[in-house]
Amino acid sequence: MRSEASAQPAEAARRSVRQTVRAYVALAKPRIIWLLLVTTVPAMVLAERGWPSTWLILATLIGGTLAAGGANAINQVADRDIDELMRRTSARPLPRGNVTPSRALVFGLALGAVSAIWLSLTVNLLAAGLAIGALGFYVLVYSYYLKRSTTQNIVLGGAAGAAPPVIGWAAVTGQVGIEPLFLFLIVFYWTPPHFWALALVFSDDYERAGVPMLPVVRGEAETKRQIVLYTLMLIGLTLAFTLVGGLSLIYFLTAVGGGAAFLYLAVRLARSDGIEDAMPLFHYSIAYLVLLFASVAVDELVLG
């Protein structure tokens, strides 16, 4: 009996440690980070015009993961008041009290600092500066200002999420050229139709929290129209990148086919009376970005 009693506190302590670890991992939002990093490696392959050093790729991905995780953690500190009011975010660590705001802030700042040091030592100063610049923009400009002040919040704030391919290019070349800027613009124009599709589904959440997302302020019809417009601009950029990036058939066919499917889903949503087609568009947009950037790498490695 005595051994069973002594085992209970030990088991409780282990459970507490596991819960704490899970809470800090949730602060970093790893399910979002992987999508950002998917755009990094193809940019590095294109910059190298072949497969770069595997160590360089790993070092860049590690640094990017740390920077993105730090940005996500600090973002949750900034959003903790509205996260409590939204169904989609009410289970995050801060609303549930699993981590205090001060510890979450220290965690986020620490990840950012480690990222800067790591990238400076293992990659180069330009890549480190770009990563920390993206972190600062996401936290200070988007989280603390744009998100709560304008319907263009996700448009302008998308600049932070569009930084990984530029960071990947800089990691290989030590500079930034026209190709990574085009990749930046592709992710930048992909972000609004991707996120507005989700915002249509959770517009009640944003309205309850007082966040001026486009569906809340301008309504469903205007949001759908903007999704189609941004999708058209996105397709134009992806097709132009065939020439800018010196790519060929594999990438071009992916851009044409993937873009046509994206536009079809966007137009179908715009013509519908409700928002039933919003989530299919949201999910497809993720697959589209992955396939598009994967085709950059495959095209260069196979046909380059």
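Biologist: Why does Asn-124 count as buried?
Modeller: This is a predicted model, and in it Asn-124 has 18% relative accessibility. Buried means under 20%, so Asn-124 counts as buried.

Biologist: Where is the place of Asn-124, and what is it in contact with?
Modeller: Asn-124 sits in the loop between helix 7 (101–122) and helix 8 (125–149). Leaving aside neighbours within four places in sequence, its contacts are Leu-119, Ala-170, Ala-171 and Gly-174.

Biologist: What makes the pair of Asn-124 and Ala-170 a polar contact?
Modeller: A polar atom of the Asn-124 side chain lies 2.9 Å from the backbone oxygen of Ala-170. The cut-off is within 3.5 Å.

Biologist: Why are helix 14 and helix 16 called roughly parallel?
Modeller: Helix 14 (residues 220–244) and helix 16 (residues 278–303) pack at an angle of about 10°. Angles under 35 degrees count as roughly parallel, and the two helices are therefore given that label. Their axes are 13 Å apart.

Biologist: Which residues make the contact?
Modeller: Helix 14 brings Ile-227, Leu-234, Thr-238 and Phe-241, and helix 16 brings Leu-281, Tyr-288, Leu-292 and Val-296. By class, seven are nonpolar, one is polar and none is charged.

Biologist: Which residues touch the most other members of the largest nonpolar core?
Modeller: Of its 80 residues, these are Ile-186, Trp-190, Tyr-206, Phe-241 and Tyr-251. Helix 11 (residues 178–201) gives the largest share of this core, twelve residues. Another core, of seven residues, lies apart from it and includes Ala-23 and Leu-27.

Key: Residues numbered from 1 in each chain as written. Predicted model: local features only at pLDDT ≥ 70, side-chain atom pairs only at ≥ 80, totals over all residues. Heavy atoms only, no water. Helix = DSSP H or I, 4+ residues; strand = E, 2+ residues; numbered from the N terminus. Buried < 20%, exposed > 50% of the residue type's maximum accessible area, 1.4 Å probe, protein only. Polar contact = N/O pair within 3.5 Å; in protein donor to acceptor, adjacent residues only side chain to side chain. Contact = heavy atoms within 4.5 Å. Core = buried A, V, L, I, M, F, W, Y, C linked by side-chain atoms within 4.5 Å. Axes fitted to C-alpha atoms, helices over the stretch in contact; angles between N-to-C directions. Parallel < 35°, antiparallel > 145°, perpendicular 65-115°, else oblique. Nonpolar A, V, L, I, M, F, W, Y, C, P; charged D, E, K, R; others polar.
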